[in-house]
Amino acid sequence: KTIFYHPTMKIVTATFASLLVTTASANPFAPQTTQNTAKANYIGSLMRGARPTAKSQLRRLEEEADVDISEYSIKFEQCQLVKQYAGVNGNNNNNNNNNNGEDSILATKRFVIFRLCPENSCSSCNSNYGEYIVDMDTYLESTLRFKQEQQEQYCQACEECAADGNDDDGNDAAARRRRRHLSYDNLNCNTCYDECKNIENMEVNGYVDASEYINCQKVYENENTGKVYYAGAMCSGSGTRIKIALFADEQCSLYDGSVDADQHIKNNNGYNVKLSYHLLKQTFPDYDCVASCAQVDENDGGNGDQAQQVEVAEVCQDLYEAAGKCEQVHGFVDGMKNYEAYDNQAAQEEEVCDFITMIKSGSYDQTGEIVVTAGRSVLSGKAKTTGGQKFALTFFVIGTVGLSAYAFLLHQQLTKGSGHTLSEQGGAMA
């Protein structure tokens, strides 16, 4: 008997896997809160009496605790699986066909590295940017929610194209629709309708949204053979894209590259369906920005000559709060160093930068295993075998072989010499 599983859309927030040893309940990258001490009260009284200038740091500390990243955009850079020590209880992989019923001491962590680039410069993001690392679940939850809302607004604007063109009564609803339409530079009323209909009729056409399988879930079970497959998100070999793959365990850590996900994912009627990456692929574009961090309230039409209020988009704020940050080495001007609430993250910035460098150096393969290649070291993203080290190693190997040959010849001579002496002594005695 074969059992197929069809999931519902459940995206679960995962906390960022700590790069440092910390308690289970504490997030080392969360903004720090000030304790209510006598010293804090005294400093607070000084702050309340201060008169900050328009651009002073005092104003930034006084008026807001969040970093203003509204002039930046998210750029996907790389995703990577990393196998780390799972602790005393192991990883609880209970698939007897793969680990003989023994718990694994390694847990597979999934990370995404992204950048905050100056607005609309994702294709040439080489200065004044921040680099960040966050767990894949959090990245996909935030970006997919943003892309889903963007897609719904796009199709809504497409449906309203005709109404927008015919509605000239100047009412507020028509004005809002015009602003929404203008925000989509590539909106073509003649072609967008077919695109949105294809998305709406995806299941009818034999497809299923790949984003429904980003969380590890059982999709296939054969009770006769005991074969079980779980589907989940993983990185491609190059780390430049995220795909849905099949695994042999419920943690999606035992990747099975011998089977294709489309062969074992079924719909409610038991028929094979193909995965559509229409939405998921928008979270890892090659050169374009994933999202702009500037968000304008649609209901805020401005007041005369006053500009509309620009806020930080939720997708950017959520990822920034959850991520480990590497900013100063990249010249990020508006980073956390200017904000007292991020002191604990600033203290760990060097460790975060080192971890990001190690991942980008190719220290791990597609499944998260450590890569050991001849001619270079992968223990650090910066260390490589030097020419002097290669020479010393070669000299040591040749010297060892030479000494071994010399010891063998010496042993042979001593053995033969000892035999002749005994014979000669025996003859004299006779």
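Here are a few friendly questions and answers about salt bridges in this predicted model.

Q: How many salt bridges does the structure hold?
A: Let's start with the total for this predicted model. One of the bridges joins the side chains of Arg115 and Glu131. Counted over the structure, the number of salt bridges is nine.

Q: Which strands do Arg115 and Glu131 lie in, and how many residues apart are they in sequence?
A: The side chains of Arg115 and Glu131 meet in a salt bridge, with an N to O distance of 3.6 Å. Both residues are buried. Arg115 belongs to strand E3 (residues 106-118) and Glu131 to strand E4 (residues 130-135), so their pairing ties together parts whose separation in sequence is 16 residues.

Q: Where do Arg145 and Asp318 lie, and how many residues apart are they?
A: These two side chains form a salt bridge at 3.2 Å, N to O. Arg145 sits in helix H4 (residues 136-159) and Asp318 in helix H8 (residues 314-322), so distant parts of the chain are linked, and the partners are 173 residues apart.

Q: Is Glu221 buried or partly exposed?
A: Glu221 meets Lys218 in a salt bridge of 3.4 Å, N to O. A residue counts as buried under 20% relative accessible area. Lys218 has 27%, so Lys218 is partly exposed. Glu221 has 19% relative accessibility, so Glu221 counts as buried.

Conventions. Residues numbered from 1 in each chain as written. Predicted model: local features only at pLDDT ≥ 70, side-chain atom pairs only at ≥ 80, totals over all residues. Heavy atoms only, no water. Salt bridge = Lys/Arg side-chain N within 4 Å of Asp/Glu carboxyl O. Helix = DSSP H or I, 4+ residues; strand = E, 2+ residues; numbered from the N terminus. Buried < 20%, exposed > 50% of the residue type's maximum accessible area, 1.4 Å probe, protein only.
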